[in-house]
Amino acid sequence: MVQTKSLSVQLFASGYCDAHAKVVNPQESFRKTTFHAVWALFDIPEVGFVLFDTGYGPYFQSVTERFPERLYRWITPVHIRESETAAAILRARGIAPEDIRHVILSHFHADHIGGMHDFPNARILCSRSAMNQVRNLSRFMAVKRGILHGLLPEEAFTRMVAIEDIADRTWVNAVGMTEFQLFGCDGLSLVVLPGHARGMLGFIHRDYRRTLFYGTDASWSYHTYSKGTLPLKIVKLFIDSWDEHVSTLQAIRAFEREERNCIVLFTHCERTLAHLAHAL
């Protein structure tokens, strides 16, 4: 857990999908690997608990029964048990899902929005560009972009708010990335990381000890990120922009060099899994 007097952040994982290691690192074989769906829980005084993504949920199976959504299940088989859902994890900690008032969605891929049906009272926060894209994509084009509309509650768009409209402060940092401060919370900001998905968000937590940069899916592995190894180019078929993906990785590397005691984590990386439910 990352803690200051004003904020705590904890990471959890809800389910995983199967994939090939070679997609992440072209130097690997086609051995099977797992992508765990990590999400974060912020505890912000005077605001309460705020989720950053939700991981997978049990709705994935029913949503992917029909074509074209079933293609998603064939390409990335998903494994999730009821006890692993974000809602179950929160209940085990005495937090009622109905009491969650804010869920920040980094982007709309299934492993990040899969638990949204469990948070009926939450305002949904995302970037404006991500919101506009998911509103306008047809079912087939949404699946091509890794988005399953059925994972969003029917009234989702009435609960959705662009972070650009509610940010306390917006600025461009020293390496050219846009940051947003929300909830009047010093030391915590959302950061725009385009490329992997339209308007994708990560977050940055700064305190007197170090800076935590959570890069979401900007990379799937800290090892390949640190070596400058790009994923197999087949991912161009479903990511939003290859050029922006490459530029975002360069910006994160520059940020890591500039910031004092910087820890960089990514959603699906084994390095991140080592920090689940533990102090960072």
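I looked up the charges first: the 30 positive and 29 negative charges of the protein chain have mean positions 5 Å apart. Lys and Arg count as positive, Asp and Glu as negative, and His and the chain ends are not counted. Each charge is placed at NZ of Lys, CZ of Arg, CG of Asp or CD of Glu.

The model is predicted: local features need pLDDT of at least 70 and side-chain atom pairs count only at pLDDT 80 or more, while totals for chains, interfaces and linings use all residues. Residues are numbered from 1 along each chain as its sequence is written, and side-chain values use heavy atoms, with hydrogens and water left out.

Next I noted the build. The protein chain has 12 helices and 14 strands, taken as DSSP runs (helices H or I, at least four residues; strands E, at least two) and numbered from the N terminus. Along the principal axes, the C-alpha atoms fill a box of roughly 50 × 45 × 35 Å. Of the 280 residues, 56% count as buried (under 20% relative accessible area, 1.4 Å probe, protein chains only).

Then I went to Thr 85. I found Thr 85 in the loop between β5 (78–79) and α4 (86–92). Thr 85 is buried, with a relative accessible area of 1%. A polar atom of the Thr 85 side chain lies 3.1 Å from the backbone oxygen of Glu 82. Neighbours within four places in sequence aside, Thr 85 is in contact (heavy atoms within 4.5 Å) with Ser 14, Gly 57, Pro 58 and Ile 80.

Terms used:
Buried < 20%, exposed > 50% of the residue type's maximum accessible area, 1.4 Å probe, protein only. Polar contact = N/O pair within 3.5 Å; in protein donor to acceptor, adjacent residues only side chain to side chain.
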